[in-house]
Amino acid sequence: MAMVSRDANPSLGYLTRKDTDVKLPRPTRVKNKSPAPIQITAEQILREARERKESETRSPKQKITDSTELADYRLRKRKEFEDQIRRVRWNVTVWIKYAQWEESQKDFNRARSVWERALEVDYQTHTLWLKYAESEMKNKFINHARNVWDRAFELRYNEVERARAIYERLVQCHPKVGAWIKYAKFEMKNGEIVRARDVYERAAAKLADEEDSEQLFIAFAEFEERCKETERARCIYKFALDRIPNSPCTVECHRLDQFELRYNEVERARAIYERLVQCHPKVGAWIKYAKFEMKNGEIVRARDVYERAAAKLADEEDSEQLFIAFAEFEERCKETERARCIYKFALDRIPKGSAEDLYRKFVAFEKQYGDKEGIEDAIVGKRRFEYEDEVRKNPLNYDAWFDYIRLEESVGNKGRIREVYERAIANVPPAEEKQYWQRYIYLWINYALYEELDAGDMERTRDVYRGCLKLIPHEKSSFAKIWLLAAQFEIRQLNLKGARQILGNAIGKAPKDEIFKKYIEIELQLGNIDRCRKLYEKYLEWAPENCYAWSKYAELERSLSETERARSIFELAITQLALDMPELLWKAYIDFEIAEGEYERTRGLYERLLDRTKHLKVWISYAKFEASAMEESTGTSELQQDGVHYEEKKECIQRVRRVFERAINYYRTSAPELKEERVMLLEEWLNMESSFGDLGDISLVQSKLPRKIKEMKEITSEDGSVAGYKEYVTYQFPGDQASNMQILEAAYRWKRRRTSSDDD
C-alpha cells in the first residue's frame, strides 16, 4: 500500500496544498530594455492578434443510440466528477453539479448519495441543505424533503444553543459594551425579542456608569424603536442623557433628536438641541442646530442660531467651518450681500494661515455672484494668502517677497504696500557675504523707487536710502548701485551737496570703479575740472594698475588742450610696475602722439615698447605706423617722380622694410620656434609691398617665404609607450636650410681631420 504524506489533507482527497496549487509560468526577465528601432502600436498588435486568431474547436455533438453507449457516457461523466472531487474536495459547487447531474439521469439514489457525501464534508454550508431539499421537492419526494428540513432545523437549533452558551461565557469573562451588543443582536437575529431585551437590560444595569456606555444605550433605544416601543425608546434616551446631567453626549442628543423628529415632536427636538449647545458649545453642535431649523423651514430661527454661534465662537480655532456654513446658509437664502459680509468679516478675524478653505469658498462665491471688481478682490485675496504662506515658511525667500510686493502694487493700497516692504526688508541675510545680499538689496531699491515715483514721498525715499546704506556691511560687501541711486536721487531733488556727500562717503567707505566713473561724469557735466582732476588722482591712488583710469585721465587733459599734462600722465602710467591691461595703455599713448603729429616721439614709443615685448602685433603695428606716416607726408597730392614727396615716400618705405627685417631677424635668431608668427609677419610684409605699387618690391619677400613640410609626430601614452603618430605641418625657411648645410659641412670637415690624425 502506498504511504500517505504527513501533510496530506483528507478534505483535499489526501493531497497536499502543494499538489493543488496552480503553478504559473516563471516570468522572463527582460535583459535589453532599450527601445526597439521599429515601434509597434497597440492597434497593430490587436489587428495582428485578430488576424492570427484560430477558429474555436468545438467538440462534436454525441448522439446516444443504445444502452451500451449510455452506460459508457455515464461511466465517463462519473469518473470526471469523482476526479474533480478528489482534487477539490472542499468546493461545494462541484458537489452540487455532481448531484444535479445524477438527478438529470433520473438516478435519485445516486443523487442522494452524492448529497449525503457532500454534507459529510461540510454540513455547515446552508446552500447544500437548501439545494438538497429543493431537489427532493422538485421531484415530489415530499417525505424525503421533510426529513432534510427536519435535520437542517435540528442542526441549526443545536448550533443556536451552543452559540448562546458561548455568548453567556463571553459576557461573563469580558463584560464590555461590544460583547453585550453582539449578544443582543444574535438573539434578535434568531427572533428572540424577549431574550434580546433581557440582554440589553442586564447590560444597562451593569455598564450604565462606564465611559463607553453611550453605544449601549443607543443600540438599546434603536432596538426598542424597531420593536415599535416608542415610549420605551424615549425613556432610554432620557435615562442616558440624565445619567451625566452636566455633560450630555452629542451623539445621544442627535439620536434622540432624530427619534423625536420621526414622531413629529419638533419642540422636544429643539429643546434637546438647546441643551446640547449650552453644555457643549462646539462649532459642530451649533451647525447641527442651525441645519435642524433649516430642515424644518425656520429660516429666522436658523439665522439666529448662526448669529449666536458667531458671537460666542468667533475667536475659536475651528471657527472657519462655522463662518463657511453661515455664509452658505445665507447664499441658499439668496442673501448674497449678507454672505459677502460674513466672508469678509471671517477673513479679517481668522489668521491667514488657517483660512485656506475660507479663501477658496470666497473666491468661488465671488465668481458666481460678484462683479468684476469683487472677483478681482477675491482672487487677490487668495493670491495674498498663498504668498503669506510662502513667506511664512521661508522668510528669506526674496523672490516670494518680490511677487507679493508686485501683487500689492497692482492693488494700489499704499498702507499694505509699505507694510509688505517693511516686513520684507526686516529679513536681513544671515551672513555678510555678498552672495546672500544680492537679491535682498533690490528690496530696498524697489522700496525707494516706489516711494519716489509712485507715492511721491521724497523724505521717506531719503530715509529708505539712508537706512539701506547704514545696514549694508561695507567692510565685507558693498553695492555701488545703491550709492549711485542715492546720489542720483539727491541730484533730482537739486541737492548737489547731498549727492557729493553720498559719493564722497562711498569713496571713503567702499571705493569702486563704478562710483569713481559716475562721480567724475557728474562733475564733468557740471564743468568742475579741478574736482575731476582730484577724483582721478584719488582713483589712481586707489587703483594705480587701472589702465582705463590712466587713459581717461589723459583723455580729459587732452580735451582741455593740456598736451604736456596728458603726455606726463601717459609717461607716469607706463612706468607703473603692474598694469591690468598695458597693451591698451600703450595703444592709447601711441594714438595720442600720432594724433598730435609727433612721429619721432611715436617711433621712440615703439622702440621702448619693443624693449619690453617682441610680440608679433607690436612689429606689425610699428610697420603700419611707418606706412601711415608715409601717407600723411604725401597727403592727397599725386605722386611726382622727381619731386620731394617721391624721396620722402621712398624713405618711409625703407623704414617699413627695416622694421620688417628687424622682426624677421629676431624670429630667425632669438625665437626660431615661433614659425607661425614668422610666416604671418612675412605675409603682412608681402601685402604691404603690394600696396606700395611701383615703389614696392615683392621679390624681397618672396625669397624669404618658407616651404610647407608635412611631418609625423609620435603620440605617447600615459605609460610612456608610443600610441601612434600624428601628422602636422611645419615650415622650412631658405636661410635656415643654408645654415643647416653649413653645420653639416663643418661636421664633415671635423670628421675628415679626425680620420687623418688617426692615420698618422
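Which residues have the most contacts inside the largest nonpolar core? They are Trp 401, Leu 443, Ile 482 and Leu 681, in a core that counts 101 residues. Keep in mind as you look around that this is a predicted model. As background, nonpolar side chains tend to be buried together in soluble globular proteins.

Let's start with Trp 401. Leaving aside residues up to four places away in sequence, Trp 401 touches Val 391, Pro 395, Val 420, Arg 423, Ala 424, Asn 427 and Leu 443. Leu 443, in that list of partners, is also one of the residues with the most contacts inside the core.

Now pick out Asn 427 from the neighbours of Trp 401. You'll find Asn 427 in the loop that runs between helix H21 (414–425) and helix H22 (434–437). Is Asn 427 buried or exposed? Its relative accessibility is 17%, so Asn 427 counts as buried, the cut-off being under 20%. Again skipping residues up to four places away in sequence, Asn 427 is in touch with Pro 395, Leu 396, Tyr 398, Trp 401 and Tyr 440.

Next, move along to a pair of helices. Helix H28 (residues 529–542) and helix H29 (residues 547–559) have axes that come within 10 Å and cross at roughly 160 degrees. Because that angle is over 145 degrees, H28 is roughly antiparallel to H29. The crossing of H28 past H29 is left-handed. On the H28 side, the contact is made by Cys 532, Arg 533, Tyr 536, Glu 537, Tyr 539 and Leu 540, while H29 brings in Tyr 548, Ala 549, Trp 550, Lys 552, Tyr 553, Leu 556 and Glu 557. Sort the residues of this contact by type and you get nine nonpolar, four charged and no polar.

Helix H35 (residues 675–691) holds Met 680. Met 680 is partly exposed, at 45% relative accessible area. Its C-alpha lies 9.6 Å from that of Ile 620, although Met 680 and Ile 620 are 60 residues apart in sequence.

Finally, have a look at two loop residues with backbone angles worth checking. Lys 106 sits in the loop between helix H4 (92–104) and helix H5 (108–121), and has a positive phi of about 65 degrees although it is not a glycine. Leu 494, in the loop between helix H25 (480–492) and helix H26 (496–509), also has a positive phi, near 60 degrees. Lys 106 is exposed at 60% relative accessible area, and Leu 494 counts as exposed at 78%.

How values were computed: Residues numbered from 1 in each chain as written. Predicted model: local features only at pLDDT ≥ 70, side-chain atom pairs only at ≥ 80, totals over all residues. Heavy atoms only, no water. Core = buried A, V, L, I, M, F, W, Y, C linked by side-chain atoms within 4.5 Å. Buried < 20%, exposed > 50% of the residue type's maximum accessible area, 1.4 Å probe, protein only. Contact = heavy atoms within 4.5 Å. Helix = DSSP H or I, 4+ residues; strand = E, 2+ residues; numbered from the N terminus. Axes fitted to C-alpha atoms, helices over the stretch in contact; angles between N-to-C directions. Parallel < 35°, antiparallel > 145°, perpendicular 65-115°, else oblique. Left-handed = near helix turned anticlockwise from the far one by under 90°. Nonpolar A, V, L, I, M, F, W, Y, C, P; charged D, E, K, R; others polar.
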